Amino acid sequence: MRAMRAETFNGYKELKLVDVLKPAATDGKVLLRMTAAGVTPLDHTILSGTFHHAKLPLVLGNEGAGVVEEGGGTEFPVGSRVMFFGPYGAFEDGAYREWVAVRKQDLCLIPENIDDVSAAGIPVAYLTAQVALTRAGFQAGKTVLAPAIGGSVGNAVTQLARALGAKHAMSSTTNHAKAEQAQALGFKEVIDTSLEKLGDGVRRITGGYGADIVIDGIGGEVLSAALGVLALGGSLTTLGYSASRKTTIDVTDLIVPQASIRSLNMFLQPPAAVTDAWNVIVSLLKSGAIKPIVAKTFPLGEAADALRYLVEGRPFGRVVLTI
């Protein structure tokens with residue numbers, strides 16, 4: 001079968017189309033015929049050689065959608081459309097291939113109103129967003145900020161918070177065109193940081209109150225600025241570093257409001273937390289309260305171009321490989 005595999009960790013050019021053995025439905029795994037795979041910043045991190053746990057050669061991709069061919073039992077019958085997320089593409093071969101064997105606990109049935117391409121870009125962003133909101137103690141009526149409306153996690157947090165009853169579900173962008181696009185898509189509380197500072201925008205939207213919860217997948221200066229908008233007793237969860245792994249913080253942004261900062265690693269979440277998140281997400285997908293946004297699709301053999309487009313093009317929405 002065909003697979004896009006990293007032969008070395010040295011950038012886009014090292015992702016090669018190769019023939020590999022088709023996996024089997026053994027050791028409790030479910031065999032899927034892949035239909036689409038999500039492309040994520042983690043794939044680029046691994047391919048660049050800055051993720052220290054991956055071993056070569058490695059088929060990338062830790063999320064995707066497919067059709068059950070074998071091993072799903074009564075829970076996932078043959079022919080079922082499913083989506084998945086797990087350690088694939090990081091600690092073992094992943095989704096950038098025509099077939100994959102996935103642990104049953106990592107699977108979720110795709111709602112009938114969601115197509116496979118959209119489903120492939122759901123697991124990482126929405127699971128991360130929902131788990132982060134839950135761990136931060138989200139309740140209806142709270143104010144939430146998730147920077148980067150065009151990014152996967154920022155967009156997912158904003159959608160989920162809004163659907164679950166946040167008083168304010170805020171995001172941001174450094175790009176004026178993206179701000180206009182977000183407005184056209186119905187995101188009314190997006191701060192255009194090419195026109196105003198993040199903190200000024202949050203205070204404007206909330207009448208000076210601030211954010212009870214910040215979910216940041218950007219890092220760098222954005223994280224530093226986001227700390228300055230926390231409301232009394234607020235919390236910031238850091239879970240990504242697409243801008244930078246390093247930042248400088250003003251400790252009074254934590255001390256004065258008695259706020260807190262914490263981290264989230266999805267690979268270390270207990271199965272029950274993931275199951276609970278799936279239940280919330282699927283219900284909202286079925287009702288149409290949340291809708292995944294796909295910016296562009298690429299065929300499997302153009303995975304390197306897809307990654308380059310994601311990282312350098314900074315699109316509004318997900319990038320997905322069709323298989």
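Trainee: What does the side chain of His168 make a polar contact with?
Mentor: The side chain of Glu189, at 2.7 Å. Keep in mind that this is a predicted model.

Trainee: And where is the place of His168?
Mentor: His168 is in strand S10, which covers residues 168-173.

Trainee: Is His168 buried or exposed?
Mentor: Buried, because its relative accessibility is 13% and the cut-off for buried is under 20%.

Trainee: Which residues is His168 in contact with, leaving aside neighbours within four places in sequence?
Mentor: Lys142, Thr143 and Val144 are on the list, along with Ile205 and Thr206. Glu189 is there too, the residue whose side chain makes the polar contact.

Trainee: Now the sheet. In what order do the strands come?
Mentor: The order is S11-S10-S9-S12-S13-S14. These 6 strands form an open sheet with parallel pairing.

Trainee: Which are the edge strands?
Mentor: S11, residues 190-192, and S14; each of them pairs on one side only.

Trainee: By how much are neighbouring strands turned against each other?
Mentor: By 20° on average, with direction ignored.

Trainee: Back to S10. Over how many bridges do S10 and S11 pair?
Mentor: Over 3 bridges, in the parallel sense. At this pairing, Ser171 stands opposite Val190 in S11.

Trainee: What does helix H6 touch on the sheet?
Mentor: Helix H6, residues 198-206, packs on the sheet and touches S9, S10, S11 and S12. The direction of H6 makes about 155° with that of S10.

Trainee: Which strands does helix H4 lie across?
Mentor: H4, residues 152-163, lies across S9 (143-145), S10 and S12 (211-216). H4 runs at about 160° to S10.

Trainee: Changing topic: is the peptide bond from Leu56 to Pro57 cis or trans?
Mentor: Cis, with omega near -15°. Pro57 lies in the loop between helix H1 (41-47) and strand S4 (58-59).

Trainee: What is phi of Gln258?
Mentor: Near 50°, which is a positive value in a residue other than glycine. Gln258 sits in the loop between helix H8 (252-255) and strand S14 (260-263).

Trainee: Why does Gln258 count as exposed?
Mentor: Because its relative accessibility is 65%, and exposed means over 50%.

Trainee: What about phi of Arg314?
Mentor: Phi of Arg314 is near 45°, again a positive value in a residue other than glycine. Arg314 is in the loop between helix H10 (303-313) and strand S16 (318-322).

Terms used:
Residues numbered from 1 in each chain as written. Predicted model: local features only at pLDDT ≥ 70, side-chain atom pairs only at ≥ 80, totals over all residues. Heavy atoms only, no water. Helix = DSSP H or I, 4+ residues; strand = E, 2+ residues; numbered from the N terminus. Buried < 20%, exposed > 50% of the residue type's maximum accessible area, 1.4 Å probe, protein only. Polar contact = N/O pair within 3.5 Å; in protein donor to acceptor, adjacent residues only side chain to side chain. Contact = heavy atoms within 4.5 Å. Pairing = 2+ DSSP bridges. Axes fitted to C-alpha atoms, helices over the stretch in contact; angles between N-to-C directions.
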